[in-house]
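The tour goes from one selection to the next.

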There are 2 protein chains.
Amino acid sequence: MFDDKYFMQRALQEAQRALEEDEVPIGAVVVSDNQIIARAHNMTERLHDVTAHAEMQAITAAADNLGGKYLTDCTLYVTIEPCTMCAGAIGWAQIGRLVYGAPDPKRGYTLTAPRALHPKTKVTSGVLADECAKIVTDFFQKQRDN
Amino acid sequence: MFDDKYFMQRALQEAQRALEEDEVPIGAVVVSDNQIIARAHNMTERLHDVTAHAEMQAITAAADNLGGKYLTDCTLYVTIEPCTMCAGAIGWAQIGRLVYGAPDPKRGYTLTAPRALHPKTKVTSGVLADECAKIVTDFFQKQRDN
């Protein structure tokens with residue numbers, strides 16, 4: 001039951017919360033020993049803060065939960081491929097594993113900062129990619145229609 | 001009087017505060033219209049948070065001060081070349097100008113993510129570079145000696 005799809009669904013629930021708050025709908029959870037220890041969604045608009053991406057807040061909350069700044073035994077699930085900033089943070093946190101849903105061919109770190117992660121971090125991409133992409137593309141389409 | 005050296009001295013004062021708290025001594029200020037609207041230093045140890053770099057906190061504080069997330073009319077002064085994460089944040093914030101002191105040939109964004117900044121951001125490096133580098137190298141030397 002506790003597989004990558006299960007946890008990506010939880011990240012998608014966070015993205016849904018962002019959507020309800022008119023934020024770009026991206027969500028993240030941090031998992032340790034099959035337990036979710038942090039959940040977050042993008043809050044850049046509400047906080048007027050470009051650094052308030054889902055991943056950044058999830059990393060901060062997870063470290064706070066664990067009482068240490070390194071997340072070597074954790075997996076970060078995020079609905080969209082992290083940007084340069086978030087990949088840099090994931091690198092500093094030495095996260096054990098990164099799982100993301102849809103790629104971001106414009107802003108994704110694999111294009112902008114391909115060596116940002118810690119060398120030991122394992123990466124899985126494409127989990128529920130269609131759902132993860134659709135909620136974002138629908139959001140921007142609706143913005144253009146307004 | 002209000003030149004780059006003046007504001008870099010203020011950033012160095014922030015680095016000094018970090019040093020007094022046993023943090024890697026890096027400091028930053030954000031300036032708008034020759035006024036410092038945010039000042040911050042590295043707090044990764046105290047907060048157990050890898051995202052608590054001087055630049056990140058300065059950007060968050062400046063945006064909070066201005067009530068908007070873009071810092072297009074601001075200059076960010078930071079004592080050491082920003083890392084991948086911070087350069088990504090500087091890019092998102094569309095900061096008008098970045099001034100840094102000493103280069104970081106290992107972790108600096110010019111190596112790791114050379115296109116992270118907004119194309120319109122102007123960059124000046126090397127302001128008080130020796131002082132900015134010395135406070136950090138002294139810190140790590142002292143750590144190794146202990």
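Which residue forms a salt bridge with E45(A)? Select K69(B): its closest N and O atoms with E45(A) are 2.6 Å apart. A salt bridge here is a side-chain nitrogen of Lys or Arg within 4 Å of a carboxyl oxygen of Asp or Glu. The pair crosses between chains. E45(A) lies in the loop between strand 2 and helix 2 of chain A. K69(B) lies in the loop between helix 2 (54–66) and strand 3 (75–80) of chain B. Side chains of opposite charge can pair when their charged atoms come close.

Before moving on, some ground rules. This is a predicted model, in which local features need pLDDT of at least 70 and side-chain atom pairs count only at pLDDT 80 or more, while totals for chains, interfaces and linings use all residues. Residues are numbered from 1 along each chain as its sequence is written, chains are lettered from A and ligands numbered from 1 in the order in which they are written, and side-chain values use heavy atoms, with hydrogens and water left out. Helices (H or I, at least four residues) and strands (E, at least two) are DSSP runs, numbered from the N terminus.

**Both chains**

Now select chain A and chain B together. A 180° rotation, with 0.0 Å of shift along its axis, superposes chain A on chain B with an RMSD of 0.0 Å. The two copies are thus related as by a two-fold rotation axis. The superposition is by least squares on the C-alpha atoms of residues with pLDDT of at least 70 in both copies. To find the axis in chain A, pick M85(A): its C-alpha is the nearest, 1.9 Å away. The same surface serves both copies, as 100% of the contact residues of chain A recur in chain B.

**The interface**

Select the residues in contact (heavy atoms within 4.5 Å).

Next, the charged links. Between chain A and chain B there are two salt bridges. Over all chains, the whole structure has ten.

**The hairpin**

Move to strand 1 (residues 27–32) and strand 2 (residues 35–41) of chain A. They pair in the antiparallel sense over six bridges; pairing requires at least two bridges found by DSSP. Click G27(A): H41(A) in strand 2 of chain A stands opposite. Then go to the turn. Two residues sit between the strands, and D33(A) takes a positive phi near 50°.

**Last stop: helix 1 of chain B**

Select D4(B), in helix 1 (residues 4–20) of chain B. Its side chain joins that of Y77(B) in a polar contact of 2.7 Å. A polar contact is a pair of N or O atoms within 3.5 Å; within protein, one must be able to donate a hydrogen and the other to accept it, and residues adjacent in sequence count only if both atoms are side-chain atoms. Not counting residues up to four places away in sequence, D4(B) touches Y77(B), R97(B), V99(B), T124(B) and V127(B).
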